[in-house]
Amino acid sequence: MEDQKPQEQAPFGQQPFGQTPFGNQGPAPKNWLVESILVTLFCCLPFGIAGIVNAANVNSKYAMGDYAGAQAASQAAGKWTKIGFFIGIGVYVLYILFFVVLGFGGAMMSNYR
Amino acid sequence: MKLTYILEIIIGLAFVIIYYNFNPEMYNFFPECPFHKYLHLDCPGCGSQRAIHALLHLDIQKAAGYNLLLVRSLPLLITQLAFKIYSFSTKKNLVMRFWYNPNTPKVIFAIVMIFWIARNLPYTPFNYLAA
């Protein structure tokens with residue numbers, strides 16, 4: 001793939017599966033896809049979805065040979081995934097603290113989802 | 001590095017024991033998803049805790065009733081875990097190329113969004129997806 005290609009042209013179907021394209025300076029940056037799926041399934045969700053979107057950016061930019069862009073997207077993906085993860089943990093801890101403070105009866109009112 | 005792995009395993013085991021012994025439908029010290037609590041809509045992760053409880057009791061059908069997306073993504077997640085364990089024990093950095101295919105995140109994003117919308121529709125084929 002040429003370097004002069006405009007960034008908007010998504011490389012749909014141009015990269016054979018698993019083949020390294022030209023012009024990449026290194027291995028693909030971590031794309032946080034698995035972590036953002038886990039955050040989507042188990043924690044607060046908008047952040048996990050932001051992580052998935054950024055993972056898509058990492059992969060398509062890397063496939064286009066835009067290594068710096070892929071690294072930036074990787075950092076963004078990591079940021080959103082971590083935010084989602086820590087908010088999820090925070091909600092969990094707060095809820096348990098709330099439960100401990102109010103005692104067994106207090107939290108009986110809310111029904112779990 | 002090794003210490004964090006050991007800590008993760010201990011925390012994971014604790015969660016497995018808690019989710020095995022307590023049904024989240026009966027006990028309410030399990031946190032409720034804030035999205036569901038305030039918007040009264042299901043998010044893609046709603047039902048995961050009950051699904052995990054059902055899965056730990058090997059009741060896959062019940063788990064799929066709570067969160068189909070979680071059950072459907074399990075084979076992928078288990079494969080990923082196996083890759084992780086293999087690359088940790090052989091000290092090779094083995095990664096699934098699948099995650100780095102440019103189309104994978106787009107397809108996953110589409111699946112998550114469709115699942116999210118579909119499980120909130122109150123019509124018959126879709127409300128089976130609700131948590």
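**Figure 1. Chain B holds 7 helices and 0 strands.** Here a helix is a DSSP run of H or I with at least four residues, a strand is a run of E with at least two, and both are numbered from the N terminus. Starting at that end, the elements of chain B follow one another as α-α-α-α-α-α-α. The C-alpha trace of chain B spans about 50 × 40 × 25 Å along its principal axes. Please keep in mind that this is a predicted model, in which local features need pLDDT of at least 70, side-chain atom pairs count only at pLDDT 80 or more, and totals for chains, interfaces and linings use all residues. Residues are numbered from 1 along each chain as its sequence is written, while chains are lettered from A and ligands numbered from 1 in the order in which they are written.

**Figure 2. How confident is the predictor in chain B, by mean pLDDT?** The mean pLDDT (the predictor's confidence in each residue, from 0 to 100) of chain B is 84, and 98% of its residues reach 70 or more. For the model, the scores are ipTM 0.77 and pTM 0.72. A handy reading tip: where pLDDT is low, the predicted coordinates should not be read in detail.

**Figure 3. Helix H3 of chain B, residues 48-56, is mostly covered.** Of its 9 residues, 8 are buried. A residue counts as buried if 20 or more other C-beta atoms lie within 10 Å of its own, as exposed if 12 or fewer do, and as partly exposed in between, with C-beta atoms placed from the backbone. Among the buried residues of H3(B) are B:Arg50, B:Ile52 and B:His53. What lies over them? The cover includes helix H1 (33-42) of chain A, along with helix H1 (2-21), helix H4 (60-66) and helix H5 (68-90) of chain B. Just after H3(B), look for B:Leu58, which takes a positive phi of about 60°. In chain B as a whole, 27% of the 131 residues count as buried.

**Figure 4. Chain A has 3 helices and 0 strands.** Along the sequence, chain A reads α-α-α. Of its 113 residues, 41% count as buried. Two residues are in contact if their C-beta atoms, placed from the backbone, lie within 7 Å. Among contacts in chain A with a separation of 6 or more, 64% are between residues 24 or more positions apart.

**Figure 5. A:Leu97 sits in helix H3 (residues 67-106) of chain A.** Is A:Leu97 buried or exposed? A:Leu97 is exposed, because 10 other C-beta atoms are within 10 Å. The C-alpha atoms of A:Leu97 and A:Lys30 are separated by 35 Å, and these residues are 67 apart along the chain.
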